[in-house]
Structures are given as C-alpha cells and as structure tokens.
Amino acid sequence: MSFSLFNAPATPRPRLRLPISSPALAGGGCGGNRLFQTPAPAGFVKPLRTHDSLPPPPRPVVALCAKKASPGMKEQKWTHEGVIVESLPNGMFRVRLDNEDVVLGYISGKIRKNFIRMLPGDKVKIEVSRYDSTRGRIIFRLRSKDSGD
C-alpha cells in the first residue's frame with residue numbers, strides 16, 4: 001500500500017527573492033518597486049553579445065520612476081483683525097473681530113516659539129478657516145500706541 005503523499009512528484013520550490021546589488025538602486029532613488037528580484041534559474045547562462053548585435057534599447061526612465069501627486073493648493077483662509085476679550089487655558093483666547101463676531105483663537109507656533117505674551121485688550125491678526133468660522137489661529141500681535149513695545 002503506497003500513499004500518494006510520499007510518492008508525489010517533486011514540485012519546484014518557490015525561489016527566494018534576493019536584494020539587488022545595483023548601485024543605482026541602492027541609493028533609494030527611483031525604482032523602489034524593483035528593490036528585490038528573483039535570481040536566474042540554475043544552469044542559466046547569459047549569452048555573450050557579439051559585435052554585430054545591436055545594443056539593447058534604453059529603458060524608459062518614466063516607467064521606473066512614478067511621479068508623486070502634487071499636494072495641490074492649500075486651503076484659503078480669511079484674515080481678520082480683532083481684540084482679545086478673554087484669556088483661556090492652553091494658549092487659547094476669545095477674540096472679538098472687527099465685524100463683531102467672537103471666535104476662539106489659538107496661538108500659532110511662531111508666536112508660541114518666540115514667547116510672545118498676549119493679554120486681554122491686545123489687538124491681534126487672526127486667520128479663520130472657511131470651513132469652521134468659530135475657530136482661528138492668531139498669527140500676529142499688533143502693536144498698540146499706548147504700550148511701550
């Protein structure tokens with residue numbers, strides 16, 4: 001009695017994928033999708049080129065390098081001037097705009113980085129998103145005539 005499991009013909013094993021040692025692809029430039037390739041089968045000999053044969057045609061560079069999509073235009077913002085009405089925790093303020101709207105303003109990174117202090121009563125320039133007109137980013141503290149700065 002023989003089992004077909006042990007008498008089955010030997011099937012070829014899947015080949016390992018080895019990294020390419022090409023200096024053009026080792027730099028991480030174009031062709032990241034060709035980082036690995038399958039090795040040539042055993043017994044394969046590359047034919048020698050003779051002088052009368054033509055060189056291979058050049059590879060198209062566009063096919064190897066996929067262009068990334070452009071990020072597109074940034075979101076348009078409205079810029080207003082206003083007066084800080086109330087100071088809230090974590091660098092947030094209530095700002096009354098010139099058109100009498102009250103928005104929640106948060107400090108931009110440059111103002112936070114340069115330790116620019118703001119108090120209620122200061123005039124500020126604020127960017128308000130078109131999608132959410134209740135919040136805005138304080139981008140500039142305007143100088144007031146009565147302050148000494």
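This briefing describes a barrel, a pocket and some ring contacts in one protein structure. The model is predicted, and its strands include a closed barrel of five, running in the order β3-β4-β5-β7-β6 with mixed pairing. Within this sheet, neighbouring strands are turned against each other by 50° on average, with direction ignored.

- Strand β3, covering residues 77–88, pairs with strand β6, covering residues 123–129, in the antiparallel sense, and seven bridges join the two.
- Along this pairing, K77 stands opposite S129 of β6, while H80 stands opposite I126 of β6.
- β3 also pairs in the antiparallel sense with strand β4, residues 92–97, over six bridges, and in this pairing I84 has V95 of β4 as its bridge partner.
- The hairpin formed by β3 and β4 has three residues between the strands, and in this hairpin N90 takes a positive phi near 60°.

**The second largest pocket**

- The second largest pocket has a volume of about 150 Å³, and N90, the hairpin residue with the positive phi, is one of its lining residues.
- The rest of the lining is made up of G91, F93, I107, I111, R112, F115, I116, R117 and M118.
- Sorted by class, the lining comprises six nonpolar, two polar and two charged residues.

**Aromatic rings**

- A search of the whole structure for aromatic pairs finds zero.

How values were computed
Residues are numbered from 1 along each chain as its sequence is written. This is a predicted model: local features need pLDDT of at least 70, side-chain atom pairs count only at pLDDT 80 or more; totals for chains, interfaces and linings use all residues. Side-chain values use heavy atoms; hydrogens and water are left out. Two strands pair if DSSP finds at least two bridges between them. Helices (H or I, at least four residues) and strands (E, at least two) are DSSP runs, numbered from the N terminus. Axes are lines fitted to C-alpha atoms, for helices over the stretch in contact, and angles run from 0 to 180 degrees between N-to-C directions. On a 1 Å grid over the protein atoms alone, a cavity is a set of points where a 1.4 Å probe fits but cannot get out, and a pocket is an open set with protein on both sides within 12 Å along at least five of seven lines; lining residues have an atom within 4 Å of a point. Grid points are joined across faces, edges and corners, and a volume is the space filled by probe spheres set on the points. Ala, Val, Leu, Ile, Met, Phe, Trp, Tyr, Cys and Pro count as nonpolar, Asp, Glu, Lys and Arg as charged, and the others, Gly among them, as polar. Rings of Phe, Tyr and Trp (its six-membered ring) pair if their centres lie within 6.5 Å; planes under 30 degrees apart count as stacked, over 60 as edge-to-face and the rest as tilted.
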